[in-house]
Amino acid sequence: MIAPWRWNRRRADARVDTLPSLATLVACGIAAGCGHRGGTDPGDPVAVSVSIAVPMRTLHVGDTLRANAAAFDSTGHTLQGVATRWESSDPRVASVSSSGLVLGLAPGTTTITATVGTARGTVEVQVLRPLAFTVSVLPESTAVAASVIVDFTATARDVAGQPIAGVRPEWLSTAPDVATVDGDGRVTALAPGRAEILATVDAVAGRGIVVVTRPSSVHVTSVAPAVLVPGATVTIAGSGFSANRTSNTVTIGGVVATVRTASATQLTATVASTGYGCVPTRDVPVTVTVAGESGSLAASLQVAQRRTLPEGQAIVLSDPAQSACNELAPATGRYVVAVFDPSTSSTAVPFALRGAPSVAPPPVDPAAASERLASVAAAHAVRATSAALPDARIAALGDTVTLHVLTAGARGCGDPAVDVRARTVVVGQRVTVLEDVAAPLAGTMDDDYRAIAQEYDDVTFPLVESTFGNPLAVDARLGRTGRIALLFTPEVNARGVLGMSFNCDLLPSSTARASNEQQIVYLAVPTSSAPGFGDGRFTGTRAAWRRRIRAIAAHETKHVASYAERLARSAPFEEPWVEEGSALVAEELFARAVRALPTRRETGYAESLECELRPTLGGCDLIPVAFSDAFARLHAMLVDPAALTPVVTDPALDPGGAFYGGAWWLLRWAADHAGPTDPPFFRALVAGPQTGADNVAARVGRPWPDLLGEWWLATALDDRPGFVPQRATLGEPSWRLRDVLAGASATGDPRFPRAFPLQPRALSFGDFVVDVPNGVRGGGAVFFELSGPTVARQLLEVRSLTPGAAAPPLGIAIARVP
């Protein structure tokens, strides 16, 4: 059975604080109205303000505090017995119960909101790490000779016995004349005797013991090179060594090194490649032991890969071997950090981002990517030649024909279909317009259909054909109509969408029972003759329908072009996210063509969304609605970019279809940086033969993981105040993203609740651990912004939440910003 590829051009489904429900939008157009249900008596007191009282604004992980809300009316009197709704802005940091009990869950800051009616009160709460209950010190006891250096470590645990990450204990030696200890737990043996080494966290102390024995005959006087790295060769000079290589034991930072050559005064050894974990660059003891006697000298060990970024520059590390452990050197200014999943899997990958400062001063598919766009585009620069052929499938002007529409939920081209009777309203050069005789306004819309047909011939069809491919590429196999049929039918409305198309229609009816054997775009019809625009989007009125449906026709025609081009080449159909993202590009280009807005010249809110969101402004009544839907879906994705990504299309995970907007934005960015015009990129994308991420990577000429990481940085940084990118790919040349979203948000449109929804988690240089237990899905990212007083080096480790497990398969992208 051949499965149908049906592309439904949906409005957004229900999603809290993102996009309004399509079902609601359509119902508002069809029904008499969508007013408030229920309500309160007009005489009841109404809350106009809410205040929140808390005993303190900080608590530790695992602790609770009680928040109490008071609601006041317009006279300042307290309202009694009113229902209060509680909410935490970041439930990962702290939760709040229906009674206002706040529970600290993870270090960070969250805003607790109490809502009574339409009035809201807020209070900011900071959650601190859990308090230490025990502190353990290792080694518990050790005996060394004078001049030997030993690294002690301390682990603080909470009351549940769980390690507390990111704490720096206070170290103290009870006998500093015997052994001293520095702020990192590094103990230096000075003279024979016994000393306790104390580590204190939150007034809880743990202890270890060092016993210093008589002076050693083994001494280390120098270590070269000055900075040691895992796997490198080290030369150790001194005295008291054994000329027998195997009689010398060398440890570097407590990890055994392999001795290669030996004499009484010099050893060469290889620093171990593993065993250090991800740690900041620091001084560690290089210790030589011969016959039970030891000598040590401190040397600098660098495990992390050092990264130095000037302002405006960025680095993308997509290989886990490179992304897991890095060090900013020096760490100064401000950095935007994205941890991203370069896969296309819908399974989220949990991880933690750990940071630590360095206390030492700074020491003195590649084959597919080689395919070029120009040659592919030239090879597929096909033009339709069937305009003069007879119209074999669509009847003459005024005639009525029967067409099939697959039933909702059909899984195959042989599944049942609904037959509709449609009147031929317009026969144009490249388009035939048909109206379902059962449409609510049937017979009264001919002038609208003629205007749409003329625009389709003049703008829509030529744009799709030149930019994406020929929608009539398989016309010779079908009825040779030489035209796209636009069927306006309430069957589309009944499915809760605005437009759809089926690849079944491009197959012979002998193999696809529901096929109409012609290129058809199915479009919704207006359901009300009432004047006005409703909310400015498609809500059933004739005026709102005409503004929205023209871009939908471009969207669905692009789908038909993709089906036809791939069928003509016997290539596999494209993956849904690329298909839908490029169809939104078709909408964008259609609207740009109508409004004379070129690409690659930054477009802001006033030139684009203002007319769409405010249709009663002068000259806006016939402006097509296209941009606002794409940006609304993008806005929804940027609210939660770890869960909503450009490549995960599962409606159970993305019920609002945010991936449409993410995929559109990614393809817009990729095309803008692939060449000076759109057609070479998109014609090659449609032609394939690759699909999905491989197809996009081949068109751009870069590995997909690198491309994805840089795109996420560009999205976060585009038009960021003060940021001057050192390479063009760190921005989007066709749009001013922040201006567009801020302008849309200022209108009060509920699809744009935030002026800029992508908000990184703020971190300070130093020690931190941020667990992300919900993880990041394929194509998604989690953002952080790192700043603070300058440190010599700042470690960044991407690690598994499972102790001892390998680094997760994630990438990291880092940009230095003002």
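Predicted model: local features only at pLDDT ≥ 70, side-chain atom pairs only at ≥ 80, totals over all residues.
**Exercise 1: the whole protein**

Find how many helices and strands the protein has, and what share of its residues is buried.

*Solution.* Start with the elements: the protein has 15 helices and 43 strands. Next, turn to burial: of the 818 residues, 55% are buried.

**Exercise 2: two packed helices**

Work out how helices H10 and H15 are oriented to each other, and which residues meet between them.

*Solution.* First, locate the helices: H10 covers residues 627–639 and H15 covers residues 737–746. Their axes lie 11 Å apart, at an angle of about 100 degrees. Angles of 65 to 115 degrees count as roughly perpendicular, so H10 and H15 are roughly perpendicular to each other. Now for the contact: Phe631, Leu634, His635 and Leu638 of H10 meet Leu737, Val740 and Leu741 of H15. Sorted by class, this contact has 6 nonpolar residues, 1 polar residue and no charged ones.

**Exercise 3: salt bridges and burial**

Decide whether Glu710 and Arg702, partners in a salt bridge, are buried or partly exposed.

*Solution.* Begin with the pair: N and O are 2.6 Å apart in this salt bridge. Buried means under 20% relative accessible area. Glu710 has 2% relative accessibility, so Glu710 counts as buried. Arg702 has 23%, so Arg702 counts as partly exposed. For another case, take the salt bridge of Lys558 with Glu579: both Lys558 and Glu579 are buried.

Methods
Residues numbered from 1 in each chain as written. Heavy atoms only, no water. Axes fitted to C-alpha atoms, helices over the stretch in contact; angles between N-to-C directions. Helix = DSSP H or I, 4+ residues; strand = E, 2+ residues; numbered from the N terminus. Parallel < 35°, antiparallel > 145°, perpendicular 65-115°, else oblique. Contact = heavy atoms within 4.5 Å. Nonpolar A, V, L, I, M, F, W, Y, C, P; charged D, E, K, R; others polar. Buried < 20%, exposed > 50% of the residue type's maximum accessible area, 1.4 Å probe, protein only. Salt bridge = Lys/Arg side-chain N within 4 Å of Asp/Glu carboxyl O.
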